[in-house]
Amino acid sequence: QLRPVESGGGLVQPGGSLRLSCEVSVFNMDYYAIGWFRQAPGKEREGVSCISSNGNSTDYRDSVKGRFTISRDNAKNTVYLQMNSLKPEDTDVYYCAAGIRRLTTVRAMCVQALYDYWGQGTQVTVSS
């Protein structure tokens, strides 16, 4: 069973930066679209940023545009989420997810139903 593994979460002050990593241990990772989602207690999980399997398309929720950057390194089986200018409202558990769909080969889409494999999550806390 494919299981993405997240790392890089932690406590950071407002305005600080973190880089999350998602390792997907599969020989054909370049077939998979990857998404980052987040969820706070009592709230629904929401899409943060996603990248197509070919790496040429990315998607971001409006609240993180210009602050977060998603990238992938297929040779390292890893997708990164660089988070800059962090705000307290970015505090959440961040989940990495992987999925194979014809649609997400060329187009990044942060739709949860398109992702079949989910990690355990990593906590990001933004607080002074």
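The structure is a predicted model, in which local features require pLDDT of at least 70 and side-chain atom pairs count only at pLDDT 80 or more, whereas totals for chains, interfaces and linings use all residues. Residues are numbered from 1 along each chain as its sequence is written, and side-chain values use heavy atoms, with hydrogens and water left out.

The protein contains 11 strands and zero helices (DSSP runs numbered from the N terminus; strands are E, at least two residues, and helices H or I, at least four residues). The radius of gyration, taken over C-alpha atoms, is 14 Å, close to the 14 Å that the globule rule (2.2 Å times the number of residues to the power 0.38) gives for 128 residues, so the protein is as compact as a globular protein of that length. The C-alpha trace spans about 40 × 30 × 25 Å along its principal axes. Of the 128 residues, 47% are buried (under 20% relative accessible area, with a 1.4 Å probe and protein chains only). Among contacts (heavy atoms within 4.5 Å) with a separation of 6 or more, 61% join residues 24 or more positions apart.

N77 lies in the loop between β7 (68–73) and β8 (78–83). This residue counts as buried because its relative accessibility is 18%. Leaving aside residues up to four places away in sequence, N77 touches C22, E23, V24, S25, V26 and M29. The C-alpha atoms of N77 and N28 are 8.8 Å apart in space, although the two residues are 49 residues apart in sequence.

Methods:
Buried < 20%, exposed > 50% of the residue type's maximum accessible area, 1.4 Å probe, protein only.
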